[in-house]
Amino acid sequence: CCCGCFGLCCDTVQWCFLSICTSDIISTVEFNCSGELLATGDKGGRVVIFQREQESKNRLLSRGEYNVYSTFQSHEPEFDYLKSLEIEEKINKIRWLPQQNAAHFLLSANDKTIKLWKISERDKRAEGYNLKDEDGRLRDQFRITTLRVPVLMPMDLMVEASPRRIFANAHTYHINSISVNSDYETYLSADDLRINLWHLEITDRSFNIVDIKPANMEELTEVITAAECHPHQCNVFVYSSSKGTIRLCDTRAAALCDRHSKFFEEPEDPSSRSFFSEIISSISDVKFSHSGRYMMTRDYLSVKVWDLNMENRPVETYQVHEYLRSKLCSLYENDCIFDKFECCWNGSDSAIMTGSYNNFFRMFDRNTRRDITLEASRENSKPRAMLKPRKVCTGGKRKKDEISVDSLDFNKKILHTAWHPKENVIAVAATNNLYIFQDKIN
């Protein structure tokens, strides 16, 4: 198969509940830097971490399987009494930090607060204390006649998740992005109108590096929709807007990056302008390529790849679901037109992936310009089964394997996807189901 895009088989299906509970809906998916761990966050404020099975001679086919490694409650619902505002526990973003020792660290964010979590293993416990019994009760000091040296004894493996830092009270509006910098000491957090720069060791203050809030809120014309740090240059970051533009900023030029270094915008075709043009041009996600040469943006109908050296137009444009252009009116009425789809690169930057409706997700091979539509569903995703390409019929006579555009289920949508950083393993979140697919094993 080409780039692993067109030979995927279903590996595991997690979180398949009979009825959908709102708190179980997956809101973010992220592989760690090695791809051995996969973290998901949901609307209930929980983080579930899956660990990849180690390969063995007897179970060669189990290499792609991910099993639950740790589950913990990251955020709780809160109430801002000053503003009479409920703060949801929903996890908006998860970002892993590069592993420095045996423990793993990740950042998780809801609308207002970011937390740094440490995930560590413990398989030994200390026994033989002098001042307390084995059950933890304090001993009578007058009965202690000898001193014992505590020893470490083996125990069942226990995975602990503990909060190491809490970064709060820095965002007036809802946080939509967090991004770890390439220096691994700082990270960005972005809301609708501001971007802050944090140090991972300092929780009581951050530096505001972008502020687009006007003096008069009636003059507000756009909001920040996503932000990301450059993968190699710690002074460079980009942020996208609801107007379909991307600004690249350099913190070496000024501490407050109100003036961008580069401005990326594709000229609009006046003949195609409509009532929905501004809505569908809003960028929902921006991602740098691993090489740092390109960046990818996702708007409502398409994915665009930009060369950082060319600002006036994208070098590649891929239509995700152009057949929905005729349905924009009904999508506006049911609010689906405001859905925020994410996108991701494969490890070699040769292929990209993004989601669509009816539990479809799209893959595009940048070298051959081939594309494919696949479906993540419990009905046709039996373990080890090959995924069959799906096609949408826009009119005329429908073929056997095609589905009519009028039959698409807009309540089933894939907003969050992730690609293993080194292999052709992908994770797709469809409502409260997590599907993991891998390249076919011969």
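Let me start with Thr186: in strand β14, the bridge partner of Thr186 is His199. Strands here, like helices, are DSSP runs numbered from the N terminus, with at least two residues (E) for a strand and at least four (H or I) for a helix. Strand β13 covers residues 186-190 and strand β14 covers residues 194-199; the two run antiparallel and are joined by five bridges. Two strands count as paired if DSSP finds at least two bridges between them. Three residues lie between β13 and β14, and the two strands form a hairpin.

A word on the source. This is a predicted model, in which local features need pLDDT of at least 70 and side-chain atom pairs count only at pLDDT 80 or more, while totals for chains, interfaces and linings use all residues. Residues are numbered from 1 along each chain as its sequence is written, and side-chain values use heavy atoms, with hydrogens and water left out.

Ser189 is found in strand β13. Is Ser189 buried or exposed? Ser189 has a relative accessible area of 0%, so it counts as buried. The cut-offs are under 20% relative accessible area for buried and over 50% for exposed, with partly exposed in between, using a 1.4 Å probe and protein chains only. Leaving out residues up to four places away in sequence, Ser189 touches Ile114, His171, Ser177, Ile178, Arg194, Ile195, Asn196 and Trp198. Contact here means heavy atoms within 4.5 Å. With Trp198 there is also a polar contact of 2.8 Å, side chain to side chain. A polar contact is a pair of N or O atoms within 3.5 Å; within protein, one must be able to donate a hydrogen and the other to accept it, and residues adjacent in sequence count only if both atoms are side-chain atoms. For a sense of distance, Ser189 and Tyr69 are 120 residues apart in sequence, and their C-alpha atoms are 27 Å apart in space.

The second residue is Asn196, which lies in strand β14. Asn196 counts as buried because its relative accessibility is 3%. Which residues does the side chain of Asn196 reach with its polar atoms? One of its polar atoms lies 3.1 Å from the backbone oxygen of Ala170, and the side chain of Asn208 makes a polar contact with the Asn196 side chain at 3.3 Å. Beyond four places in sequence, the residues that Asn196 touches include Tyr187, Leu188, Ser189, Ser206 and Phe207.

Four strands form an open sheet in the order β20-β21-β22-β23, with antiparallel pairing. Its edge strands are β20 (285-288) and β23 (316-319), each of which pairs on one side only. On average, neighbouring strands of this sheet are turned by 15° against each other, direction ignored. The axes are lines fitted to C-alpha atoms, for helices over the stretch in contact, and angles run from 0 to 180 degrees between N-to-C directions. Four bridges join β20 to strand β21, residues 294-298, in the antiparallel sense. Val286 has Thr297 in β21 as its bridge partner.

Last, the charged pairs. How many salt bridges does the structure hold? There are 23, a salt bridge being a side-chain nitrogen of Lys or Arg within 4 Å of a carboxyl oxygen of Asp or Glu. One of them joins Glu160 and Arg122, with the closest N and O atoms 3.0 Å apart. That pair links distant parts of the chain, 38 residues apart: Glu160 is in strand β11 (residues 151-167) and Arg122 in strand β10 (residues 114-127). Glu160 is partly exposed at 30% relative accessibility, and Arg122 is partly exposed at 34%.

Another salt bridge is between Arg390 and Glu375, at 2.2 Å from N to O. Arg390 lies in the loop between β27 (371-375) and β28 (391-393) and Glu375 in strand β27, so this pair ties together parts 15 residues apart in sequence. Glu375 is buried, at 12% relative accessible area. Finally, salt bridges link Asp24, Asp42 and Arg46 in a network.
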